[in-house]
Amino acid sequence: QVQLVESGGGLVQAGGSLRLSCAASGSIFSINHMGWYRQAPGKQRELVARIISGGSTNYADSVKGRFTISRDNAKNTVYLQMNSLKPEDTGVYFCNADITATARSTAGYWGQGTQVTVSS
């Protein structure tokens with residue numbers, strides 16, 4: 001069984017910062033890519049940032065220069081440092097990971113989501 005547990009969401013004023021964390025645990029053989037998605041009310045879930053096992057990253061245009069994704073492979077944890085937050089960054093942020101379990105099956109996993117609210 002594999003689990004992703006997120007933390008770090010909250011309420012912040014525009015221009016502020018938050019750091020999200022997502023830790024993967026369970027029967028993990030390897031983690032391929034990890035990323036963050038967000039879903040605003042009434043909108044579809046969208047990719048915010050992703051980091052692959054080699055360290056390459058990609059970001060949504062709307063967060064480039066403000067958000068930084070990083071990964072601690074030893075802890076099976078991915079982070080999202082969010083600076084210069086804007087009200088339009090408000091939403092539920094979900095961690096996603098492509099994981100090969102010890103049984104050698106590979107699947108995508110989602111965390112439960114953490115709320116980020118940016119007030120103007």
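In what follows, buried means under 20% relative accessible area, exposed means over 50%, and partly exposed is in between, with a 1.4 Å probe and protein chains only. By that scale serine 105 is partly exposed, with a relative accessible area of 42%.

Good morning, colleagues. The structure is a predicted model, in which local features need pLDDT of at least 70 and side-chain atom pairs count only at pLDDT 80 or more, while totals for chains, interfaces and linings use all residues. Residues are numbered from 1 along each chain as its sequence is written, and side-chain values use heavy atoms, with hydrogens and water left out.

Let me stay with serine 105 for a moment. Serine 105 is placed in the loop between S9 and S10; strands here are DSSP runs of E with at least two residues, and helices are runs of H or I with at least four, numbered from the N terminus. Setting aside neighbours within four places in sequence, serine 105 is in contact (heavy atoms within 4.5 Å) with Ile99 and Thr100. Its C-alpha atom is separated by 9.3 Å from that of phenylalanine 29, 76 residues apart along the chain.

I turn now to the aromatic residues. Rings of Phe, Tyr and Trp (its six-membered ring) pair if their centres lie within 6.5 Å; planes under 30 degrees apart count as stacked, over 60 as edge-to-face and the rest as tilted. How many aromatic pairs does the structure hold? There are 2. In one of them, the ring centres of tyrosine 37 and tryptophan 110 are 5.0 Å apart and the planes stand at 65 degrees, so this pair is edge-to-face. Because tyrosine 37 belongs to strand S4 (residues 28-39) and tryptophan 110 to strand S10 (residues 106-110), the pair ties together parts 73 residues apart in sequence. Tyrosine 37 is buried at 19% relative accessible area, whereas tryptophan 110 is partly exposed at 40%.

Phenylalanine 94 and tryptophan 110 also form an edge-to-face pair, 6.5 Å centre to centre with 85 degrees between the planes. Phenylalanine 94 lies in strand S9 (residues 91-101), so its pairing with tryptophan 110 in S10 ties together parts 16 residues apart in sequence. Phenylalanine 94 is buried, at 11% relative accessibility. Tyr37, Phe94 and Trp110 form one aromatic cluster.

Finally, the charges over rings, meaning NZ of Lys or CZ of Arg within 6 Å of the ring centre and within 35 degrees of the ring normal. Arginine 45 lies over the face of tryptophan 110, at 4.6 Å from the ring centre. Arginine 19 lies over the face of tyrosine 79, at 4.1 Å from the ring centre.
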